[in-house]
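Notebook open, structure loaded. I'm jotting down what I look up as I go.

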Protein chains: 2
Amino acid sequence: MSVTIRKIAVDLKLAVSTVSKALRDSHEISSETKQRVSDYASKLDYLPNPYASSLKKRRSCNIAVVLPEVADSFFSIAINGIESVAQEMGYHVMIYLTHEDSRREESILREFRSGRVDGVLMSVSGGSNHNGYVYSQCAKETPLVFFDRVCEDTHAVKVVTDDFESGYKAAEHLILKGCKRIGFLAMTGNLKIIENRLNGFRKALNDHGQEIDAGHLVYGTHDEQINFNILRGLLSETNRPDALVGSVEKITTQAYSVCNELNLLIPNHIKIVAFSSTQIATLLNPSLTTITQPAYEMGKTAAHLLFKILEKKKIDVDRVEVLPSILIERNSSR
Amino acid sequence: MSVTIRKIAVDLKLAVSTVSKALRDSHEISSETKQRVSDYASKLDYLPNPYASSLKKRRSCNIAVVLPEVADSFFSIAINGIESVAQEMGYHVMIYLTHEDSRREESILREFRSGRVDGVLMSVSGGSNHNGYVYSQCAKETPLVFFDRVCEDTHAVKVVTDDFESGYKAAEHLILKGCKRIGFLAMTGNLKIIENRLNGFRKALNDHGQEIDAGHLVYGTHDEQINFNILRGLLSETNRPDALVGSVEKITTQAYSVCNELNLLIPNHIKIVAFSSTQIATLLNPSLTTITQPAYEMGKTAAHLLFKILEKKKIDVDRVEVLPSILIERNSSR
């Protein structure tokens with residue numbers, strides 16, 4: 001970092017501004033001078049400061065990825081998809097974790113207003129506050145694409161799977177297996193995707209003349225111990241569910257542990273279908289029937305759309321890209 | 001982003017340089033003027049461009065985390081540890097994935113020379129080329145801290161667990177369980193940590209009057225299909241191992257699948273101990289006995305050390321911080 005434009009200017013006996021313009025390929029500088037400057041700069045192994053040139057171009061070449069957490073296979077696979085596109089485009093990926101805390105999410109988004117990043121990809125937190133206003137403010141100032149967990153009220157491009165339909169599919173699969181008392185493991189918080197999954201689930205039950213027992217709809221939290229207690233309560237009842245739909249991966253693996261503890265055999269005593277990426281599903285015993293979202297593809301698609309916006313290509317600001325999720329039957333529902 | 005220093009200057013009838021200095025709390029400006037500028041800037045909701053101020057301060061307030069992959073529980077937990085420290089220090093975390101490709105790793109590190117980041121935390125790739133020279137170059141120009149996978153030849157602070165001792169512990173645990181033909185699942189590539197684990201493993205066998213059958217030391221790759229074939233070969237032999245030590249998480253879960261396929265019961269027919277973070281270990285069936293590295297603590301420690309260097313605190317450039325890893329016995333070796 002010791003070679004500066006100043007040194008090049010002094011050594012070549014040129015003005016600093018001439019060197020600077022030559023390196024930026026300005027039309028004001030003769031091609032002969034440009035060649036001299038460029039040759040000498042390569043000889044010295046000169047690298048321009050990226051943030052100096054970002055000030056000129058008003059671009060940082062950084063994009064932000066705002067996620068609830070990274071130790072979750074959906075998000076970590078999605079990051080791979082995003083990173084593959086960013087790398088190709090010469091952009092850098094900054095990761096911000098909200099840990100499902102809406103205040104933290106708000107302060108992260110406020111920072112972007114200062115121009116640290118050129119665009120934002122985000123999956124909203126399931127925290128207690130609704131940050132709709134904050135998302136809208138952010139989207140006004142910095143191109144923003146939501147993926148997976150979106151805020152429907154915000155004018156921004158969205159990449160999702162059809163959660164209503166997926167919830168419907170999960171319930172119908174269990175109904176066709178003969179299940180009569182299907183429970184649903186939801187999550188507390190303001191997550192629209194959980195609500196949509198639950199609504200699809202209810203519709204399937206309805207269409208098949210069933211309904212959910214009020215006590216069989218439970219809401220998990222981000223505290224493992226609380227979830228264990230909730231699940232123990234649910235699965236110890238005499239009238240306990242004969243099947244479960246897990247709306248997120250974490251609470252489903254916790255349900256496996258509780259079944260194990262209570263000697264409930266999966267799938268004999270209780271069948272399970274869950275929203276999950278495949279990685280963990282095949283490792284569980286019995287392997288888990290899943291509604292699987294195309295995590296890598298969702299990350300990639302969201303990043304592609306963001307770069308289209310950054311390249312000023314015309315995209316409808318309310319565009320919603322729906323990628324299909326699939327039900328993969330494994331041993332937990334056989 | 002529409003409010004600039006220029007606008008503030010025009011509105012307050014001050015020189016641009018005066019406003020700029022006032023906002024930087026320069027001693028050249030009277031406190032009265034500073035107050036006026038600061039009040040007006042807050043009224044307009046003015047935010048300084050972070051990269052403009054980074055040019056002045058020669059700091060970007062970004063740190064890079066360079067990892068082989070993110071869809072691995074060790075690394076994703078380590079990111080959480082790193083991020084918790086960075087957040088506290090007001091720094092931003094940029095994630096770069098090498099995908100175990102040494103050329104890609106090299107080009108990522110070369111980019112840092114331009115000052116995009118203030119410091120680098122990295123776990124080296126297991127690619128085919130040895131990037132020792134590249135790491136040393138990078139460390140000369142940007143503060144660098146290695147964690148987990150380190151390059152021993154590079155003068156840089158390192159945060160590791162004692163891999164030799166951990167390999168020893170894993171083998172001894174199985175020997176004490178009565179195993180006589182213990183295999184080792186290594187990985188191809190230039191990873192010193194795998195070599196250290198293997199050396200510790202060999203030493204334990206030696207100390208107990210055993211040695212590894214040459215055919216029972218296999219090298220996995222990053223191709224799942226190839227690994228399945230290697231593992232099928234290993235576990236179909238008549239003289240197959242009665243125990244395995246898995247040097248990384250991925251090949252161990254693949255070994256589980258192959259055991260399942262070949263109807264080999266764990267732990268009855270074959271016992272398994274593996275290097276792994278706990279998350280997946282408890283989900284496997286049977287649950288996996290692990291040598292567990294303190295991933296979160298390693299990330300946190302590495303980040304703390306990097307910030308000490310950034311704050312110009314005196315740290316021995318070759319300091320090696322060794323965090324203990326622990327053997328957690330579960331059902332796969334009972």
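Which backbone nitrogen lies 2.8 Å from a polar atom of the side chain of S332(A)? I looked it up in this predicted model, and the nitrogen belongs to T289(A).

Next I checked where S332(A) sits. I found S332(A) in the segment after β12 (326-328) of chain A. Buried or exposed, I wondered about S332(A)? S332(A) has 0% relative accessibility, so I put it down as buried, the cut-off for that being under 20%.

T289(A) is in the list, along with P286(A), S287(A) and L288(A). I also noted Y256(A), I270(A), K271(A) and I272(A). I266(A) and P267(A) are in contact with S332(A) too, and that pair got its own entry.

Entry on the prolines: the peptide bond from I266(A) to P267(A) is cis, and I read omega near 5°. P267(A) lies in the loop between α11 (249-261) and β9 (271-275) of chain A. P267(B) is in the loop between α11 (249-261) and β9 (271-275) of that chain.

Last entry, backbone angles. H99(A) is not a glycine, yet I got a positive phi of about 50°. E100(A), not a glycine either, has a positive phi of about 60°. I placed H99(A) in the loop between β2 (92-97) and α6 (102-112) of chain A, and E100(A) is found in the loop between β2 and α6 as well. H99(A) comes out at 35% relative accessibility, so I logged it as partly exposed. E100(A) is at 11%, so that one went down as buried.

Terms used. Residues numbered from 1 in each chain as written. Chains lettered and ligands numbered in written order. Predicted model: local features only at pLDDT ≥ 70, side-chain atom pairs only at ≥ 80, totals over all residues. Heavy atoms only, no water. Helix = DSSP H or I, 4+ residues; strand = E, 2+ residues; numbered from the N terminus. Buried < 20%, exposed > 50% of the residue type's maximum accessible area, 1.4 Å probe, protein only. Polar contact = N/O pair within 3.5 Å; in protein donor to acceptor, adjacent residues only side chain to side chain. Contact = heavy atoms within 4.5 Å. Lists of a residue's contacts leave out its neighbours within four places in sequence.
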